[in-house]
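Subject: Structure for your review

Dear colleague,

My notes on it follow directly after it.

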Amino acid sequence: MSFEKQRDEVAALCKKLLADGAVSRVVGFREGGVEGMSLPYIFTDPAGVDMLTWNSRCLPNLNGYLTGGEGNTAIVAKPCDARAVVALISEKQLRREDIHIIGLVCDGMVDANGDPLPACVECSVNCPPVYDDLIDDPDVAEKTGGEQVSNDTSLERFEAEIDKCILCFSCRQACYGCYCQTCFMDRGSPGWQPTVPGRGDKMLYHAGRTMHLAGRCVECGACENACASGVDIRYLIREVTNFVGELYDYRAGMDLDARPAMLSYAAGDREVGFLGGDGDGH
Amino acid sequence: MAISKDVMRGFLAHLSAGRTLIGPVDTGKVIEYRKASPNEILMDDRVSYKSIKEFYFPQVERMFTFSEGEVQDHDNPAGCAIFGGKPCDLEALRVMKAVFTTGKFADPFFERRFDANLLIGVGCIAKKPGCFCDQVEVDMAFSDFCDIMLEDSGEGYNVEYLSEKGRQALNEYPPTKDVACGNTRKADPPQADALALSPAITEAGFFEAIDWAKSTETCQGCGLCSFICPTCHCFDFRDSSENGTVHRYKCWDSCIYPKFTLHASGHNPRESRAARYRQRLLHKYRYVPDNFGLTACTGCGRCVRGCPVGMDIRQVVKQVMEVQP
Ligand code: SF4
Ligand code: SF4
Ligand code: SF4
Ligand code: SF4
């Protein structure tokens, strides 16, 4: 199996879905970007599906394109895209019946130099947890743990990353989870957006976004892939994701029936989740 | 005069004694212009992810301070020596100079940086993926909009000066004392696939020309393209006060952001992302050409390479051109 074979299967399926009227749009990828990058594209016509592509350069998370059309939408979903769909459904942003998930078994995406993307190296979910159709690839070995990464949480590391950030908000726009109509950063009253985008204000943005993503990150890496400045702030979100995982045994986007950790409360929830610190109180 | 890259490093070391030296540096993740020592400056053909514009038009610039009824202006910035601006960057600075200093109101903040900086341009050897300078009449190897121009032969540089400032700087350093004045050359004749919009079409005509919503439907509206663009020059004023002292700042803004045109009434004349993208494109290809006779896109390709979803301004311009009479 290979990308080409999966591609042909996906294309045949998308054609059929559009021709049968099962969906009115297919969100997927086409060729044509620089440095081999595949471009997100919304297919509406079965003939147009000839342009559909599936390769190791299908980077962006496609969840930003799921709403807005008439009728049902199909998504050509990497495992992380599928997890984001599940998370959006759990958060009542999408209805399961409106979305057709064409899940692909995925061995990871690469950057312009052909090097595996950091989030893909760490990824431990190479089969979409939820799908309507699965396009398998038996050659992709099942992943178990993903690669261990540095959990240095020092202020120095944070500052070094912050100093590269130009506060363009591209990471926010790329994230499936940042769908707020008005981001806290864009609020005028109280005004969060910094007068002078200095170090402290950039920290505030990233710390704020990290907290808003607590227990919601689907580990797709779209935020860092979007960043032109080479900022790695996802490690913060990873810390919080792991913390939520340890506390509540919850991982976003894995299970349609699981209630998101931050949307549920149980009397036995551990105190450290409310009060912080390293205590182990109950 | 042809010189080796080592001599150029010597010249940069000489310059760094009196000025802040800026040049392209490989940070491991990206290439960017920053304060650098002569030895870390890249002298190969690679291109940075953002342009040199922040040394003329910083992301944040304090304009004045207001305290106890007194307005205090800020000191003139110390000049930088900027090495390695690419011809597209230099031509973009030409656009920026026109915008900031033509007409009734000149921007003193831009002007004083422009006057204080020494700009050393370096020609490109090859086009990089996404580069399209040739389609907007920019010569990849040369621009005269700088103080000193270096044409890169790979092994070394052919050096010319293009301003009195450039001549003086070279003159102070013995190995470059005899450098000659550069020609002001014309760019190559426009290519067959030149990107330009017809001045015959009205603004309303462009608004109707294509289905902007379809052509821009994958744009995420992040504004990254305008931050890394060498010609995007929109800014906002922001005030901050601490202990009774008010500082006013001039900060980058972007027409891609929904708040850019949001009125106090709540009305937004550019309600949709498509309308905002259209503004960015027409500003570059129609409004600045109309007002200043220059195209405000110099083909550097940064937005094309940088866009997280691969939006390609060339393709949208081409679509608009196809419907021209
Ligand atoms: S981390 Fe990167 S993408 Fe996010 S705001 Fe900063 S520069 Fe932009
Ligand atoms: S925070 Fe980053 S990695 Fe997590 S879901 Fe958002 S874009 Fe993906
Ligand atoms: S950072 Fe927070 S407020 Fe802003 S869009 Fe993301 S989730 Fe919403
Ligand atoms: S064109 Fe690309 S970089 Fe520019 S705002 Fe849209 S998504 Fe962001």
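Which residues have the most contacts inside the largest nonpolar core, and how many residues does that core have? The core has 152 residues, and those with the most contacts inside it are A:Cys14, A:Ile75, A:Val76 and B:Ile148. A nonpolar core is here a set of buried Ala, Val, Leu, Ile, Met, Phe, Trp, Tyr and Cys residues joined through C-beta atoms within 7 Å. A residue is buried if 20 or more other C-beta atoms lie within 10 Å of its own, exposed if 12 or fewer, and partly exposed in between, with C-beta atoms placed from the backbone.

Before the remaining findings, a note on conventions. This is a predicted model, in which local features need pLDDT of at least 70 and side-chain atom pairs count only at pLDDT 80 or more, while totals for chains, interfaces and linings use all residues. Residues are numbered from 1 along each chain as its sequence is written, and chains are lettered from A and ligands numbered from 1 in the order in which they are written.

**Core and chain interface**

With eight residues, helix 2 (residues 87–101) of chain B gives the most to the largest nonpolar core. Helices (H or I, at least four residues) and strands (E, at least two) are DSSP runs, numbered from the N terminus. In soluble globular proteins, nonpolar side chains tend to be buried together. Apart from its neighbours within four places in sequence, A:Cys14 is in contact with A:Val26, A:Gly28, A:Phe43, A:Val49, A:Leu52 and A:Ala74; contact requires C-beta atoms, placed from the backbone, to lie within 7 Å.

Between the chains, 26 residues of chain A are in contact with 28 residues of chain B. On the chain B side, helix 7 (224–228), strand 10 (235–242) and helix 9 (302–306) each supply at least two residues. That side divides into 12 nonpolar, 10 polar and six charged residues. In this classification Ala, Val, Leu, Ile, Met, Phe, Trp, Tyr, Cys and Pro count as nonpolar, Asp, Glu, Lys and Arg as charged, and the others, Gly among them, as polar.

**Ligand surroundings**

A residue is taken to be near a ligand if its C-beta atom, placed from the backbone, lies within 6 Å of that molecule.

- Ligand 2: there are 14 residues around it, of which A:Cys175, A:Cys217, A:Cys220, A:Ala222 and A:Cys223 come nearest. Helix 7 (222–226) and helix 8 (234–248) of chain A each supply at least two residues of this shell, which divides into 10 nonpolar, two polar and two charged residues.
- Ligand 3: the residues around it include A:Cys178, A:Cys180, A:Cys183, A:Arg209 and A:His212. Helix 6 (residues 199–212) of chain A provides the largest share, three residues. The shell has five nonpolar, three polar and two charged residues.

**Helix 6 of chain A**

The axes of helix 4 (residues 155–162) and helix 6 of chain A come within 10 Å and cross at roughly 100°; axes are lines fitted to C-alpha atoms, for helices over the stretch in contact, and angles run from 0 to 180 degrees between N-to-C directions. The two helices of chain A are therefore roughly perpendicular to each other, a label for angles of 65 to 115 degrees, whereas angles under 35 count as roughly parallel, over 145 as roughly antiparallel and the rest as oblique.

A:Thr210 is found in helix 6 of chain A. A:Thr210 is partly exposed, because 19 other C-beta atoms lie within 10 Å. Not counting residues up to four places away in sequence, A:Thr210 touches A:Leu236, A:Ile237 and A:Val240.

**Individual loop residues**

B:Cys133 lies in the loop between strand 7 (118–122) and strand 8 (148–152) of chain B. B:Cys133 is buried, because 24 other C-beta atoms lie within 10 Å. B:Cys133 and B:Cys300 are 167 residues apart along the chain, with their C-alpha atoms separated by 6.1 Å.

Two residues other than glycine have a positive phi: A:Glu35, near 50°, and A:Asp249, about 55°. A:Glu35 is in the loop between strand 1 (25–30) and strand 2 (39–43) of chain A, and A:Asp249 is in the loop between helix 8 and helix 9 (272–275) of chain A. With 14 C-beta neighbours inside 10 Å, A:Glu35 counts as partly exposed, whereas A:Asp249 is exposed, with 9 other C-beta atoms within 10 Å.

Yours sincerely

Terms used: Contact = placed C-beta atoms within 7 Å.
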